[in-house]
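Dear colleague,

I am handing over a structure that you have not worked with before. Please look through the sequence and the model below, and then read the notes that follow.

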Amino acid sequence: MTKKLCGTNYPVSICFIVVNEFCERFSYYGMKAVLTLYFLTYLHWDKDLSTAIYHAFSSLCYFTPILGALIADSWLGKFKTIVYLSIVYVIGHVVKSVGAIPLVGDSNMHIALSMVGLILIAFGTGGIKPCVAAFGGDQFDEEDISERQKFFSIFYMSINAGSLLSTVITPMLRADVQCFGGDCYALAFGVPAALMIVALVVFISGSGMYKRSPPQGNILLEVCNCIGFAIKNRWRRSKDEAERKHWLDWAEEKYSKRLIQEIKMVLRVLVLYIPLPMFWALFDQQGSRWTLQAIGMNMSFGESFVIKPDQMQMLNALLILVFVPIFDLIIYPLVALCGINVTPLRKMAAGMIFAALAFGAATLVELNVIKTVVSPAPAGKCLLQVYNLAKGDVTLQFPSGTPFPQPIPYLQDPPNYVTIPLEAPSKEMLITVMLNGESSVCTQTFKQEEAYSLILYNQTTGIQCKLVPDNIQKSGDGNPILRFLNTQPEAINVTVADETFHAISGYSMTPNKTVPYGEYHDVSCRMNSGKCSGLDLGLLEFGAVYTVILMEELDLIKPYKMVDVKANSINIAWQIPQYVLITMGEVMFSITGLEFSYSQAPANMKSVLQAGWLLTVAFGNIIVLIVAEGAGLEQWKEFVLFAGLLLGVFIIFSIMAYFYTYVDPEEVEKVYLEDSGKEENDDDNKKEKTTDMQLKKRVKSTRL
């Protein structure tokens with residue numbers, strides 16, 4: 001007798017399954033939320049490679065459910081499959097977390113551990129994906145239909161809750177907790193690993209209460225065998241053999257006509273799936289390209305609240321919870337009142353439009369984001385800015401012309417970089433510096449595709465020049481980058497947040513270091529003479545690159561903050577419209593697509609359509625992988641490309657949907673049940689003819 005919850009018809013065992021799903025989804029989405037930044041800032045991959053590997057992992061996560069379903073249905077059963085693959089899942093998380101510890105091996109070891117961990121996670125999460133919900137449904141008695149439906153609502157609520165909480169919490173663990181001298185990816189991956197261990201322990205704890213069904217064979221395997229047999233039989237047919245109405249009819253020698261007819265119904269839906277990967281190609285970029293876009297934005301909301309770039313993904317999970325009831329209870333009924341027939345395929349087509357509009361919005365945001373980016377110098381040229389510390393306006397003359405036509409004021413914050421033509425990989429230049437009617441000449445060597453700062457300062461022998469290389473790349477996590485120029489004859493140590501800058505004497509420049517965004521009005525500063533105490537650096541903004549010049553004034557050290565690369569000027573709130581649009585598209589496309597698929601397939605074929613649906617997600621991620629690594633486009637152009645491709649797919653899908661005829665699988669089932677009683681009295685040809693006529697009468701010819 002199955003134990004029930006407090007006098008209800010709900011089995012006690014579903015509590016373990018719901019908690020297991022919450023923990024597993026927290027584990028998966030929490031790890032995935034910080035994955036792109038992990039590739040970018042910890043493994044030091046570029047944006048394109050980080051995007052490609054992110055989507056390769058996502059794709060594998062949606063290929064492996066087919067393997068998990070085959071194992072569960074044909075060999076181990078759902079319970080053992082969940083347990084064994086959850087163990088693989090846990091091992092993957094642990095390996096991934098160890099790979100994020102800087103003390104474990106070198107960069108090659110970190111990459112190897114990360115890749116092995118991700119592959120194991122993909123097999124774990126994908127393998128259990130088709131089993132957990134179905135195993136929960138198995139716990140109910142046949143008569144408890146309403147309770148089973150409510151269970152699935154609770155089950156999917158636990159998925160969204162796990163996703164929402166994890167995409168808020170794990171970025172905080174990454175950025176707000178510092179370990180090993182930087183962002184704590186080991187903790188950000190370790191907590192999801194711990195949640196997956198909890199998920200496994202909770203699931204096993206309920207093992208004595210579960211209702212388990214033995215493996216009964218996999219319908220997907222049977223469908224593939226039937227299709228393969230039909231193709232092989234048709235290929236081998238003799239010339240004298242008559243043609244058949246449908247190529248699947250060549251499987252009649254081995255498989256029942258009922259199975260063949262059901263496969264025909266499934267194939268009609270699967271053909272509609274062909275254009276669908278393009279939607280997922282756009283949708284799944286929330287965790288890759290959109291996160292990378294967020295890095296280039298101002299992530300502060302006022303003075304007190306700052307959001308992490310990888311936290312923006314939580315908007316999708318939050319908006320889903322808001323939009324589903326709004327669409328079901330308000331929008332769809334209002335559209336129907338206007339006399340518009342809101343068919344499932346129309347909803348899916350509209351979802352594509354909204355996803356394309358989301359990428360249009362992302363394009364507009366990106367065009368404004370890149371305005372604060374300094375473009376690298378092309379081949380044969382370099383970039384140069386000048387810091388004038390010579391206590392007077394200076395004029396510069398270069399052999400190739402006058403890139404600085406106006407005099408440069410004392411302590412001027414350089415407005416921008418100037419392009420210097422070299423016409424060679426490197427070039428030595430004689431630069432004439434004029435101050436107060438006197439001229440000095442300094443010789444400097446410039447290399448192509450580099451950025452430099454030329455520092456001018458007074459010495460007893462005249463104007464001196466010092467050339468230092470510059471960093472014009474914004475930080476990988478969006479935080480400001482800082483360096484100090486010490487003009488004093490003794491060393492100065494400056495500590496900003498947890499970073500210490502050691503500036504040796506004599507116009508020396510410290511290395512660039514990333515510091516947290518924020519106000520810095522009393523920065524620790526130490527030197528032997530005691531002239532340096534608290535420095536006021538003011539606000540260090542997101543995305544900016546600063547050079548702070550330490551000058552002596554009135555026996556005290558005063559900082560002069562120069563902006564080498566401008567701060568991110570576009571607030572991250574401008575990403576909200578694109579998240580709203582993509583989530584509206586998801587509600588209309590994804591949820592409707594699953595409902596449509598299930599309504600058009602016989603009961604025993606739903607798993608085949610689920611496999612096909614998951615494959616569309618997998619192939620969508622492959623499309624992103626190919627474009628990211630192969631196209632080589634600027635980011636805004638890539639967004640336009642994806643939006644245009646989806647609009648093209650929308651047109652193709654709309655044409656396909658217009659000619660699609662809706663059917664009722666229950667009516668088809670009745671036809672074959674009625675037919676089976678006459679089978680002994682009718683020959684095959686007559687039966688087939690009668691069946692076709694009955695089907696035609698019972699088909700719903702509603703069109704898009």
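Residues are numbered from 1 along each chain as its sequence is written, and side-chain values use heavy atoms, with hydrogens and water left out. As the model is predicted, local features need pLDDT of at least 70 and side-chain atom pairs count only at pLDDT 80 or more, while totals for chains, interfaces and linings use all residues. Helices (H or I, at least four residues) and strands (E, at least two) are DSSP runs, numbered from the N terminus.

The axes of α6 and α7 lie 7 Å apart and the two helices pack at an angle of about 150°, where axes are lines fitted to C-alpha atoms, for helices over the stretch in contact, and angles run from 0 to 180 degrees between N-to-C directions. The two helices, α6 and α7, are therefore roughly antiparallel (an angle over 145 degrees). Thr-170, Leu-173 and Arg-174 of α6 meet Tyr-185, Leu-187, Ala-188, Val-191 and Pro-192 of α7, contact meaning heavy atoms within 4.5 Å. By class, this contact has six nonpolar residues, one polar and one charged, where Ala, Val, Leu, Ile, Met, Phe, Trp, Tyr, Cys and Pro count as nonpolar, Asp, Glu, Lys and Arg as charged, and the others, Gly among them, as polar.

Helix α3 (residues 47–76) packs with helix α15 (residues 606–630) at an angle of about 165°, their axes being 8 Å apart, and α3 and α15 are therefore roughly antiparallel to each other. Their crossing is left-handed, and the residues in contact include Tyr-62 and Phe-63 of α3 and Phe-619 and Ile-622 of α15. The contact of α3 with α15 comprises 17 nonpolar, five polar and two charged residues.

For helix α1 (residues 13–33) and α5, the axes come within 11 Å and cross at roughly 150°, which makes α1 roughly antiparallel to α5. The crossing of α1 and α5 is left-handed.

Finally, the second largest pocket has a volume of about 1000 Å³. On a 1 Å grid over the protein atoms alone, a pocket is an open set of points where a 1.4 Å probe fits, with protein on both sides within 12 Å along at least five of seven lines, and lining residues have an atom within 4 Å of a point; grid points are joined across faces, edges and corners, and a volume is the space filled by probe spheres set on the points. Of its 39 lining residues, Gln-178, Gly-182, Asp-183, Asp-477 and Asn-479 are the closest to the centre.

Best regards

Methods: Parallel < 35°, antiparallel > 145°, perpendicular 65-115°, else oblique. Left-handed = near helix turned anticlockwise from the far one by under 90°.
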